[in-house]
Amino acid sequence: MKQAITVRIDPDLLAIARACAKQENRTLTNFLETALKERIGSSGTRQLPKHQFASRKSGRAGSKSL
């Protein structure tokens, strides 16, 4: 079963995504899911190398780690 999520997207980027979805006769959800699948890989098993995770910040900006 698919899961609903909430994300924050720049208004200009959202407008472009909506226009692209409409042009391709897709829902916004389907357009974004397809774009993610193309970026990550359709199998969903492609992972970033471990060294890339170490340099990424986790959590929200301005939050402190415990």
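1. Axes here are lines fitted to C-alpha atoms, for helices over the stretch in contact, and angles run from 0 to 180 degrees between N-to-C directions. The model under review is predicted.

2. Overall content: the protein has three helices and zero strands. Read from the N terminus, its elements follow the order α-α-α. Of its 66 residues, 5% count as buried.

3. Helix 1 covers residues 11–23 and helix 2 covers residues 28–40; they pack at an angle of about 100°, and their axes are 9 Å apart. Angles of 65 to 115 degrees count as roughly perpendicular, and helix 1 and helix 2 are therefore roughly perpendicular to each other.

4. Residues in that contact: helix 1 contributes Leu14, Ala17, Arg18, Cys20 and Ala21, while helix 2 contributes Leu28, Phe31 and Leu32. Sorted by class, the contact of helix 1 with helix 2 holds seven nonpolar residues, no polar ones and one charged residue.

5. The loop between helix 1 and helix 2: Asn25 is located there. Most residues other than glycine have a negative phi. Asn25 is not a glycine, yet its phi is positive, at about 55°. Is Asn25 buried or exposed? Exposed means over 50% relative accessible area, so Asn25, at 74% relative accessibility, counts as exposed.

6. The largest pocket: this pocket contains about 540 Å³ of space. Its lining consists of 15 residues, and those nearest the pocket centre are Ile5, Thr29, Leu32, Glu33 and Leu36. Which element supplies the largest share of the lining? Helix 2 does, with seven residues. By class, the lining residues of the largest pocket divide into nine nonpolar, two polar and four charged.

Notes:
Residues numbered from 1 in each chain as written. Predicted model: local features only at pLDDT ≥ 70, side-chain atom pairs only at ≥ 80, totals over all residues. Heavy atoms only, no water. Helix = DSSP H or I, 4+ residues; strand = E, 2+ residues; numbered from the N terminus. Parallel < 35°, antiparallel > 145°, perpendicular 65-115°, else oblique. Contact = heavy atoms within 4.5 Å. Nonpolar A, V, L, I, M, F, W, Y, C, P; charged D, E, K, R; others polar. 1 Å grid on protein atoms, 1.4 Å probe; cavity = no way out; pocket = protein on both sides within 12 Å on 5 of 7 lines; lining within 4 Å. Points joined across faces, edges and corners; volume = space filled by probe spheres on them. Buried < 20%, exposed > 50% of the residue type's maximum accessible area, 1.4 Å probe, protein only.
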